[in-house]
Amino acid sequence: PVHEVARVRSAGRSPVALERSYFPELPGLLGGDLTGSLYALLAERYDLGPRTAVERLEPVIARPGEAAELGIEPGAPLMLIERTAYAGDGTPVEYALDLFRPDRVRISVRSGVTERPGP
């Protein structure tokens with residue numbers, strides 16, 4: 001069992017992203033304040049703060065329902081980010097499908113290496 005949390009994120013009263021996240025069934029999660037950082041909530045209330053994530057970026061087109069939520073025309077381009085986030089012990093704590101309006105956001109990716117490759 002999982003909890004689904006769907007949010008429309010806005011900037012300057014204009015929708016910029018549609019976030020749909022799935023979390024493990026956690027007691028009281030849906031009854032709390034879900035307007036702030038969900039990662040902070042996972043860390044503070046459940047000791048499940050995400051430490052790593054695998055994300056995939058893919059250009060897609062807006063379907064009618066998504067377009068209505070984002071205030072755009074169906075068929076408009078969107079950037080889909082599919083993400084699985086993991087706690088420090090490797091437990092998956094979020095699966096997400098986020099849709100971003102590329103005309104309203106810029107996406108940055110930073111990668112890191114924790115160990116140097118061998119000779």
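These legends describe close-up views of a predicted model.

**View 1. The annotated domain covers residues 1–106.** An unreviewed UniProt entry places the feature "domain: UbiC transcription regulator-associated" at these residues. The end C-alpha atoms of the span lie 34 Å apart.

**View 2. The largest pocket has a volume of about 680 Å³.** Its lining counts 26 residues. Tyr-39, Ala-53, Glu-55, Ile-81 and Arg-83 are the closest to the pocket centre. Six elements each supply at least two lining residues: β1 (2–11), β2 (14–24), α1 (38–46), β3 (50–61), β4 (77–87) and β5. Strand β3 gives the most, with 7 residues.

**View 3. Arg-7 and Glu-19 meet in a salt bridge.** The N to O distance between the two side chains is 3.3 Å. Arg-7 sits in strand β1 and Glu-19 in strand β2, 12 residues apart. Arg-7 counts as buried because its relative accessibility is 13%, under the 20% cut-off. Glu-19 has a relative accessible area of 16%, so Glu-19 is buried as well.

**View 4. Glu-19 also forms a salt bridge with Arg-9.** The closest N and O atoms of this pair are 3.8 Å apart. Glu-19 lies in strand β2 and Arg-9 in strand β1, so the contact ties together parts 10 residues apart in sequence. Arg-9 is partly exposed, because its relative accessible area is 30%.

**View 5. Glu-94 forms a salt bridge with Arg-83.** Here the closest N and O atoms are 3.0 Å apart. The pair links distant parts of the chain: Glu-94 belongs to strand β5, Arg-83 to strand β4, and 11 residues separate them. Glu-94 counts as buried, because its relative accessibility is 5%. Arg-83 is buried too, with a relative accessible area of 12%. Salt bridges that share partners join Glu-55, Arg-83, Glu-94 and Asp-98 into one network. Two members of this network, Glu-55 and Arg-83, are among the residues closest to the centre of the largest pocket. A search of the whole structure finds 8 salt bridges.

**View 6. Leu-57, Ile-107 and Val-109 form a nonpolar patch on the surface.** Together the three residues have about 260 Å² of accessible area. Ile-107 lies in the segment after β5 (92–100). Ile-107 counts as partly exposed because its relative accessibility is 34%, which falls between the 20% and 50% cut-offs.

Methods:
Residues numbered from 1 in each chain as written. Predicted model: local features only at pLDDT ≥ 70, side-chain atom pairs only at ≥ 80, totals over all residues. Heavy atoms only, no water. Patch = residues over 30% accessible without salt bridge, like charges linked within 9 Å, V, L, I, M, F, W, Y side chains within 5 Å. Areas by Shrake-Rupley, 256 points an atom, 1.4 Å probe, with all protein chains shown as cover. Salt bridge = Lys/Arg side-chain N within 4 Å of Asp/Glu carboxyl O. Helix = DSSP H or I, 4+ residues; strand = E, 2+ residues; numbered from the N terminus. Buried < 20%, exposed > 50% of the residue type's maximum accessible area, 1.4 Å probe, protein only. UniProt positions renumbered as here; feature names shortened; annotations may be inferred. 1 Å grid on protein atoms, 1.4 Å probe; cavity = no way out; pocket = protein on both sides within 12 Å on 5 of 7 lines; lining within 4 Å. Points joined across faces, edges and corners; volume = space filled by probe spheres on them.
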